[in-house]
There are 2 protein chains.
Amino acid sequence: MATITGVSIDDVRFPTSLSADGSDAMNKDGDYSAVYVTLTTDAVGPDGTPLAGHGLTFTIGRGNDIVAVAARQQAETLVGLDVDRAVGDLGAVYRGLTSDSQIRWLGPEKGVVQLSLAAVMNAVWDLAGRHAGKPVWRLLADMTPEQLVDVADLRYLSDALTREEALELLRAQEPGKAGRIAELEAEGYPCYTTSAGWLGYSDEKLRRLCQEAVDEGYGHIKLKVGADLEHDRLRCQIARDVIGPDRKLMIDANQVWDVDQAIEWVNALADFDLLWIEEPTSPDDVLGHATIRKAVAPIGVATGEHGHNRVMFKQLLQAGAIDYCQIDTGRLGSLNEIVAVLLMAAKFGVPVCPHAGGVGLCEMVQHVSMLDFVAVSGSREGRVAEFVDHLHEHFTDPCVVDSAAYVAPTRPGYSTEMHAASVADYRWPQGTYWTERHADAVAAARG
Amino acid sequence: MATITGVSIDDVRFPTSLSADGSDAMNKDGDYSAVYVTLTTDAVGPDGTPLAGHGLTFTIGRGNDIVAVAARQQAETLVGLDVDRAVGDLGAVYRGLTSDSQIRWLGPEKGVVQLSLAAVMNAVWDLAGRHAGKPVWRLLADMTPEQLVDVADLRYLSDALTREEALELLRAQEPGKAGRIAELEAEGYPCYTTSAGWLGYSDEKLRRLCQEAVDEGYGHIKLKVGADLEHDRLRCQIARDVIGPDRKLMIDANQVWDVDQAIEWVNALADFDLLWIEEPTSPDDVLGHATIRKAVAPIGVATGEHGHNRVMFKQLLQAGAIDYCQIDTGRLGSLNEIVAVLLMAAKFGVPVCPHAGGVGLCEMVQHVSMLDFVAVSGSREGRVAEFVDHLHEHFTDPCVVDSAAYVAPTRPGYSTEMHAASVADYRWPQGTYWTERHADAVAAARG
């Protein structure tokens, strides 16, 4: 019998604040970070190498160590687990981790212990994909409707989606699955770019990056807004000038407004023909988003990257609060919660456009969107996954974007393994980057 | 100039799981715990002793150390702060702690970093009370409407309560304040007891404790329910037999049901004339609570002990989801958020009946309810604060209940200081209880 034999947890931080990558109206100086979980086993994978699983969650710097402490406590409960049984019943592994009522009290199902749960379960999913010799999107897409519903956490959701409804929905997509897999492998999954629009970038850099995005074939561009209305109008004008009238322009306020302020500000940008306003207010404010949505239509409302669990998404859908559902693979309790959200979104007819960027989020969300297309919603229509072109070089199976579409991953797992050298270099605070090169980098940035 | 000179953080755990104290349908074996924060200063208080502040948050065991790590990071940012300036602008101290965008990402405003914020800000409020030589309820009640609104965090609330509305509401209560303070000092603030109704207690123990509660003058009794419907009917019958038809009976399901299941279960207990059902489903499910409330009326719906921030309470009020608003002093971001919730509840006409029990929650909520009566809602009508008779012996200024009412605290501070000996004894894992007596206690509990 092969078992999970050990756990390692790394606090990895990248100095993104030095270049204002990732800067927005709420978060001016994030250092993109990951709590990186490795589960080792004494099993051998289909390719003959030792089987391991790698997972992570994303934070923006300070406090990454707090999440690491939580991840260690959760991950250590997996040591000794039979590998075949674990990957054969991923719903049970998830329920085991979430049924500790003492840890649950710290959320429940939110904040640090939910971020750490995501990191740990993402590693379990990576392990499952490698064990099966399949990329995770394909592992999920190949499941029967019953198997897929069994991994989903449907607790608290039955007033919006029953198990039977979920099964019917999946069964209805069965006939077209093979065709959609072929389409996906040929064409990939459409994405949009945020790389152009960070708030800390100069107007010249914004113009140049928008032009590059157009040249690379992107049909959607997203800008950060919310610091200064007049400057937002200027930035939208620059973007619209470059991308022309046919490409889509989205804006993202990162939660800086109260409800009435959001309505006023967004409507003051309405002449730039915006597809969506993202995170206009507190991510907890379901009713506030519903109010904003009514008042800014036809501009759509998008939120979800801080949606901390499936119950929040249930309400966003029930309240008619969103036009675009933006799940996050580092914040929800891994695919067990995400599949539940995909199912609800499909029932309510709301497109899922995952949040990405950060560290490793692009690597993961491509699997989610592909699963959604192949097995759940059955559609790519009106859907785009986020893509931000940062930090992919630290992954052993980095996402590949071609002609503004994620290319379907073919390697086994969840694309979540980092290069050992990257982890060693950026481990905080003792990695070689932090001890040997950071001081110079700061000096150069202040230049 | 006197400053905050140091911070100590203690992980304190009590072995309550051995006696099933605190057991409910979700939490069967909690070890009541506290992250205990002490802020030292080089100032001298009005009584001539060194000035310090003590605060805490409550958890139920494992993971208390995770909250401690977060509390240390937040509290250490206060070292060096001018004491007079800090206590003179408690809103600014709170905003300082909550404006770290990297830490904010870990919530935002929820979970571990919100629990730790509560512990730290509770210590600051204790310090402020001691500095002024007043119990915290009185420190707050003596503030002008402008001062009180200035400590409240109104961000994201303006669609429910504007600053001007908050001021008007407080100004309207000014004339009666002195009279209510006198009433409070004479009569105390009404409370109810949960000590009788833990789910792990035998039926005989339930009957005996209900009788004791009646003998002590309680007009309200609360039972835990949700494990077994037939047994819940029996337990309600026992309680109703003992307390008679006129006293109030409440039930608490601790989040175990889905929405439809909650409706069915509660209605199956309706013939016991219940005042409220508490936490029928996920604490995040505002819309679910609203649905349940409509379907179980005239039984009221109570929730809030896991309401993680003011935005959740705003929505519970806007959606008409609750009849009773149960704030928690260890979960909300201390009095800065609580005052905002009290103001909204007063505007919406919903009584605030704080959650208590745990470790130190009773000590704190008495201050909250007294503030609410004196300065915000102006009423005790239909309001009861929770009281659970456990663990008060560990506090230097324990709450006192007389004739089913909290006696107004008179000593300066927030009643949050623990005996140094208790901290030393129950500090986890190295305190003398855990190293020397726990093994025997486990053996004794197992009989």
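Helices (H or I, at least four residues) and strands (E, at least two) are DSSP runs, numbered from the N terminus. The model is predicted: local features need pLDDT of at least 70, side-chain atom pairs count only at pLDDT 80 or more, and totals for chains, interfaces and linings use all residues. Residues are numbered from 1 along each chain as its sequence is written, chains are lettered from A and ligands numbered from 1 in the order in which they are written, and side-chain values use heavy atoms, with hydrogens and water left out.

**View 1. Loop residue B:Gln255.** B:Gln255 sits in the loop between β6 (248-252) and α12 (259-267) of chain B. Its phi is near 75°, a positive value in a residue other than glycine. B:Gln255 is buried, with a relative accessible area of 2% (buried means under 20% relative accessible area, exposed over 50%, partly exposed in between; 1.4 Å probe, protein chains only).

**View 2. Loop residue A:Leu157.** The loop between α7 (145-151) and α8 (163-173) of chain A holds A:Leu157. A:Leu157 is buried, at a relative accessible area of 0%. Not counting residues up to four places away in sequence, A:Leu157 touches residues including A:Arg310, A:Met344 and B:Asp258 (contact means heavy atoms within 4.5 Å).

**View 3. Cis peptide bond at A:Pro298.** The bond from A:Ala297 to A:Pro298 is cis, with omega near 10°. A:Pro298 is in the loop between α13 (286-296) and β8 (300-303) of chain A.

**View 4. Loop residue A:Ala404.** A:Ala404, in the loop between β10 (385-387) and β11 (405-406) of chain A, has phi near 60°, a positive value in a residue other than glycine. A:Ala404 is buried, with a relative accessible area of 11%.
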